[in-house]
Amino acid sequence: MNYKKIPKYIGHYAASPIKRAKIIFNILRNYPLHLFIEITNICNARCTTCLNRAMKRPKGIMPFDAFKNVVDKTCSKGIGIVHLYGTGESYAVTDIIDYFSYAIKQYRANGTHLILITNGELITNIPDGLEVQISFNAGTKNTYERITGMNFNKTVSNIYRLDKEGRLKNNVT
């Protein structure tokens, strides 16, 4: 079931707000609205505000076959939004565009919205069908580089390039 159709679906069966709320609860508990797939927990940044630095689990990249398996098993489950990130930087994965392309093809066919949050330093391309939000953690070069350990000029250059290409639409947070 597509989550966007739920209000119309509910209106046919219940007139009172309480009955509608019960129906919504029963529908939504069977369908996750959000799914997070962490392709990697490797990150190029060293942000002082991030838990990645303190993480005890091994760093690595989800093998592409394992990723495809997760996508294939979940793409028709009525999930509203799939987040393709976790504690790592997805663009640190060499063949990340292959991951994105596969996810976009499978999920978009079922009406699922795909989101990625990135630090922006390694971003090369934003495939159609993927909403990308760039997390930019400071207002000055010195503060940015102190907080993230990344190159301010490189990240800003990537943001301007993507904006000029028309790839960004209010996606800098």
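Axes here are lines fitted to C-alpha atoms, for helices over the stretch in contact, and angles run from 0 to 180 degrees between N-to-C directions. Helices are DSSP runs of H or I with at least four residues, numbered from the N terminus. This is a predicted model, in which local features need pLDDT of at least 70 and side-chain atom pairs count only at pLDDT 80 or more, while totals for chains, interfaces and linings use all residues. Residues are numbered from 1 along each chain as its sequence is written, and side-chain values use heavy atoms, with hydrogens and water left out.

I start with H5 and H6. The axes of H5 (residues 141-148) and H6 (residues 152-164) come within 9 Å and cross at roughly 105°. H5 and H6 are therefore roughly perpendicular to each other, a label that covers 65 to 115 degrees. In contact, meaning heavy atoms within 4.5 Å, are Lys141, Tyr144 and Glu145 of H5 with Phe152, Asn153 and Thr155 of H6. That set splits into two nonpolar, two polar and two charged residues. Nonpolar covers Ala, Val, Leu, Ile, Met, Phe, Trp, Tyr, Cys and Pro; charged covers Asp, Glu, Lys and Arg; the others, Gly among them, are polar.

Next, H3 and H4. The axes of H3 (residues 64-74) and H4 (residues 96-108) come within 10 Å, crossing at roughly 15°. H3 and H4 are therefore roughly parallel to each other, the term for angles under 35 degrees. On the H3 side the contact includes Phe64, Phe67 and Val70, and on the H4 side Tyr99, Tyr102 and Tyr107 are among the residues. By class, the residues of this contact are eight nonpolar, two polar and three charged.

How values were computed:
Helix = DSSP H or I, 4+ residues; strand = E, 2+ residues; numbered from the N terminus. Parallel < 35°, antiparallel > 145°, perpendicular 65-115°, else oblique.
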